[in-house]
Structures are given as structure tokens and as C-alpha cells.
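Hi,

Here is the structure I promised to pass on. Please open it first; my notes follow below.

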Amino acid sequence: MSEVAIVDYGINNVRSVRNAVDYCGFNPVVTHDAAAIADASHVILPGVGAFGDAMSNIRARGIDEILERHVREKGKPFLAICLGMQLLARTSEEHADGNAPYRGLGWFDADILRLQPNDPRLKIPHMGWNIVTRERDHAVLANIRDSNLAFYFVHSFAMHCNNQSDIVGWADYGQPVTAIVAKDNIVATQFHPEKSQDSGIELVGNFLRWNP
Amino acid sequence: MLKKRLIPKFLLRDGRLVKYTRFFDNERIAGNPVTTAKVYNDYGVDELIVLDIVPSEQSRGRVVEIIERMSEEIFMPFTVGGGVGTLEDVNRLLRAGADKVSVNSEAVRRPEFVREAARTFGDQCITVSIDYKKMGERHASVYIDGGREHVALDPVEWALRCEDFHCGEILLGSIDRDGTMEGYDLDMIHEAARRLSVPLIVSGGCGSLQHAIDALEAGASAVAISSMFLFTDHSPIKLRSHLASRGLDVRTSASSRN
């Protein structure tokens, strides 16, 4: 049975993502090796930490080129989570402190901006269980009822898409927060499916069974 | 908008699930923490809090092992604490699978630690846990070292300072009500929720479905519950349906069957 590559770019904790893949009945391998990613049936880009550091690690390990080849050119099913999703944007203003924003992979015509909820009582980070409204259907949401589309979010920055058709779902946190984006063989979630109980595990399982 | 949360709170002593009344009396062994966590996972609770109440070098290793085992089969946020005093302690628990680490005594002894930990791991990772006792009608005082050492701090004032140090949330526990199932300290919850801007998890006293409603209506973001779930027939499923039926904004999940 082929494996599911969880891309290792030097971040602290990929344990829950690995456990979630295993729980769904697939074989996870945590790796940044080009051959292992080439052999994998599906690829997951997890993410915790800061955008700038993550992108430098990805470039230093040549992961950007590996993903470009196997995901974008060859069409391997790909799921990015939280910061992983943000890395798919063109730019991020996270910790740019007035300098030019960090450059991401640019797979989505989108930018990462700090959350600015319209209610001062709403705190940053946006942390906790929030409802996702389905903008359109997608294979990863198969068999999840709208009433169960609650997922666990922890983030201070969010994706702003220039192309509305990329958006699969959004959450309300004093502003619309892009929660799921997808195009072709690529899907990404701002929330942590690996921390979102049944609905999250269902989403991970749907992704692993997805053959776009 | 964010949902109100139901959070079972596990106290561990030498890796066993235990429960007391008012922190020290009436010890009861309450089962295997991993098995119990799985049951609560099936009940669709929103998070788990796991606190090592008599931390030692040996117990730290057990807690790490328990969290690692829980994270193999349970996919929700974990807050873990007890004896956390260094950045390495925080790191070890995060690596084991914790999403947030709770700091209590060390925050009082060395408040700068909260800021350091928040800066290193992110504000959202650091929960400050505050235990207090009422001192007469109008005053309350913080206790550290598992309720053994009194310190001259007002719990709400202390919580506000921790917020300035960038903690992600506050876990506020009444020692007087712990294990009594007589209801939460609602005056304190009102006061704390009104003044704090970070999420407030309240602990100590929940014994009925109404108690949980009272605490959430008083402004708590989340209710931590141990005795009621361990020793009564009020399960998280029952509590969640009851809260939803009373109009409180709680998550529905496939497993909670509502």
C-alpha cells in the first residue's frame, strides 16, 4: 500500500496529523525526501509556527520544487493545513513589520492578512470551535452534514482570495474568514481537521480517499 | 462565532485519574485516564484538560506517555499542566501532543515565565491556571502548589496581569467548591468575565446541568467538569443537548447525536 507523505519542514509537532492519517487506515510517513513524496499517493502539508520561518525552511530543503513537480505538475492529491494553507498564498504580512511582505508559494491568487474582526471584543488569535459555511461542495466534505461543520481554529492571520471560486467554505469571526480553499487536486483548510474530532477525521478520511 | 466549550478536567496522581473534594479530602480513584478520555471523545466533548496534581520527575514521564497515547486516538485539543516551570517542560508537553500548556505556581513565582513561554510557543499555547479560596464575604486569595501555599493576590487582579503577559486563556478554579457539586462561584465568574478579555474557563462545583448553564450565562467561555461526569449519570451528551435546548451556543457533533 502506498504511503501518505506528511511534509516535514522542521516544525515542532506533526504527531496529531500523523495519528489522524493512521487512524483513518492509511500509512503516514513524515518526510522531506523527494523520492518518498514522489511515491506517496497523497501529500499533506501541515503547519504550525510563523510564515517567514516556514518558507525559509521549505526553500532551504528544496521542498518548494518537489511540491511544484509532484503536486502542481503531476497532480498528486494535496491537503494543506493551517499555516500550510497560508503558505499557498502569494504573500503574507505576518511579522513583516512594515517591510515587504513574505512571499509564499503563490498557488492561490490570494494574500495573507492579519485578522481584523469588526467587534473589539473578539480576540486574536481566533481560537476555538467555529462553524464553517459551505460555499460550494467538495469531495473532502462528503457525508458531513452542515450542522456538523464545526472545526477547531487557532490563527491570527487569514487568507484573502482574489478569486472567489477558490473558496469552498468560510467561518464568521467578526469578518468572513476563509476556512477551506480548493482547486484541481489541491485543497487547504485554515482550521485543524486533526483536532476537530469526528468531522475533522471524516474530512481527513475523505481527502485520503479522494482521487481527483 | 465561537462555541461555548464543555471540557472534562482530569486530575492525575502518579498517572492515575483521581478526584478529591476541596483539593485534599475524600480521595477517589476514578479509572484509567486514556480509557476515560476515549469514552468522552465518543461523547463529543470539545477539549480535555489534564493536570498532574503531584508533579515529580517520574510523574512527568507518565503524563507524557498518557498524552501520547491519548493523541493516537483522540482528535481534539488537549490542555496539559502540573509542575510546568521551564520552557523545556512546555516543549516536552507540546511535542507529546498537547495543544496548550497550563502554568500555575511558576507563573506566580516568576511572572516573566508566562511572557517567555507565550513569546516562544505562541500566546494561544499558554493557559494560566489560577486556584483561589474565598476569604470572608468580599475577598478571595490565590493559592499555589496545588492549594498548599497561600499568596497575597486577588484572583481577578492576578488574571488581568497574566493577560498582560500574553497568556492565551485563564483557567479559574474555586478550591472551596472543588468536588462539592454545589455549583460554580458565579459572583467570581461574573467579575472575572466582565474584566478579562481572554477566554475564561471555570472550574469547581459543577453538579447539575443547571450549574453549567449558570456559569456560561455568567460569562464563562467554557466549563471544566470532573465530578459530575465521573460520578453522576449526567454525560457530556446529555449536558450538550440540554445546553443547546436552552439556547446556548454549543457545538453539535456527529457523536453527540443532536
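What should the 12 residues of helix 6 (residues 197–208) of chain A span at 1.5 Å a residue, and how far apart are its end C-alpha atoms? The expected span, 1.5 Å times one less than the number of residues, is 16 Å, and the end C-alpha atoms are 16 Å apart, which agrees.

Some ground rules. This is a predicted model, in which local features need pLDDT of at least 70, side-chain atom pairs count only at pLDDT 80 or more, and totals for chains, interfaces and linings use all residues. Residues are numbered from 1 along each chain as its sequence is written, while chains are lettered from A and ligands numbered from 1 in the order in which they are written. Helices (H or I, at least four residues) and strands (E, at least two) are DSSP runs, numbered from the N terminus.

**Helix 6 of chain A**

A residue is buried if 20 or more other C-beta atoms, placed from the backbone, lie within 10 Å of its own. In helix 6 of chain A, 10 of the 12 residues are buried, so the helix is largely enclosed by the rest of the structure. Among them are Leu203(A), Val204(A), Phe207(A) and Leu208(A). The buried residues pack against several elements of chain A, including strand 1 (3–7), helix 1 (15–23) and strand 9 (150–155).

**Chain A overall**

Chain A has six helices and 13 strands. Its radius of gyration, taken over C-alpha atoms, is 16 Å, close to the 17 Å that the globule rule gives for 212 residues, so chain A is as compact as a globular protein of that length. That rule is 2.2 Å times the number of residues to the power 0.38. The C-alpha trace spans about 50 × 40 × 30 Å along its principal axes. Of the 212 residues, 51% count as buried.

**A sheet in chain A**

Four strands of chain A form an open sheet in the order 6-5-7-10, with mixed pairing. Strands pair if DSSP finds at least two bridges between them. Strand 6 (102–103) and strand 10 (157–161) stand at the edges with a single partner strand each, so one side of each is left without a neighbour in the sheet. Strand 5 (residues 91–92) pairs with strand 6 in the antiparallel sense over two bridges. There, Thr91(A) stands opposite Arg103(A).

Residues are in contact if their C-beta atoms, placed from the backbone, lie within 7 Å. Chain B puts in 26 residues and chain A 28 residues. Helix 2 of chain B gives the most to its side, with three residues.

Best wishes

Conventions:
Contact = placed C-beta atoms within 7 Å.
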